[in-house]
Amino acid sequence: MLVDRLLRQGAMTELVGPLSSGRTSVLTLCLRTVTGGGGLAALVDVDHVFDPRSAAEAGVDLRRLLWVRGEGRRRDALKAVDLLACCPGFQLVALDLGESPPRLSLSAAFRLRLAARRSGIAVLLVGARRVLGGAAALTVRTRRDHLAWVGPSHSPRRLAGMGIGVHVVRKQGAPSPVDSERLWWTT
């Protein structure tokens, strides 16, 4: 299952894709899986786009989620993730970098990977493009496959659902991209 691959304990995963590609939906699915199973999760939200009401409606247990708002300060958000990755007790530490992820030095990426490995925490970075490079155990790209609309074609229609594709871009130890999966969300 996709979520099991994204939430590998002691490893870092990147979830990348353009706007409206489903990356936030996949992040919410990961948060729901962790908190619904009784685990603790932390989300560092750089651009303050996390919607707790929608997340709760999607099944995320907000009582088991630490939400850190970055207020646009990307460097501080990276420091917060580095600190949280060293804290025992979390099953997942996620960082939503938004549309303009910062450059991450190779040493900082590998330091974060070592912190995740030592603590056994799954670290998930979500953004428009890759920033971890070779430090990521897995890099997954999302894309919107199609939209489903309801209503007569001659009048305004309502969005009924969205199909997204999830494609493995890089997997540590694999010689080439190895996997893709289709998901479907309904509104």
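This note covers salt bridges in the predicted model shown above.

1. Basis. The model is predicted, so local features need pLDDT of at least 70 and side-chain atom pairs count only at pLDDT 80 or more, while totals for chains, interfaces and linings use all residues. Residues are numbered from 1 along each chain as its sequence is written, and side-chain values use heavy atoms, with hydrogens and water left out.

2. Total. Seven salt bridges are present in the structure. The term means a side-chain nitrogen of Lys or Arg within 4 Å of a carboxyl oxygen of Asp or Glu. Side chains of opposite charge can pair when their charged atoms come close.

3. Asp61 and Arg63. One of the salt bridges joins the side chains of Asp61 and Arg63, at 3.0 Å from N to O. Asp61 is buried at 18% relative accessible area, whereas Arg63 is exposed at 75%. Here buried is under 20% relative accessible area, exposed is over 50%, and partly exposed lies in between (1.4 Å probe, protein chains only).

4. Arg69 and Glu71. Arg69 and Glu71 form a salt bridge in which the closest N and O atoms are 3.5 Å apart. Glu71 is partly exposed, at 42% relative accessible area. Arg69 is also partly exposed, at 42%.

5. Asp82 and Arg111. The closest N and O atoms of this salt bridge are 3.5 Å apart. The pair links distant parts of the chain, 29 residues apart: Asp82 lies in helix H4 (residues 74–85) and Arg111 in helix H5 (residues 106–119). Helices are DSSP runs (H or I, at least four residues), numbered from the N terminus. Arg111 is partly exposed, with 47% relative accessibility.

How values were computed
Helix = DSSP H or I, 4+ residues; strand = E, 2+ residues; numbered from the N terminus.
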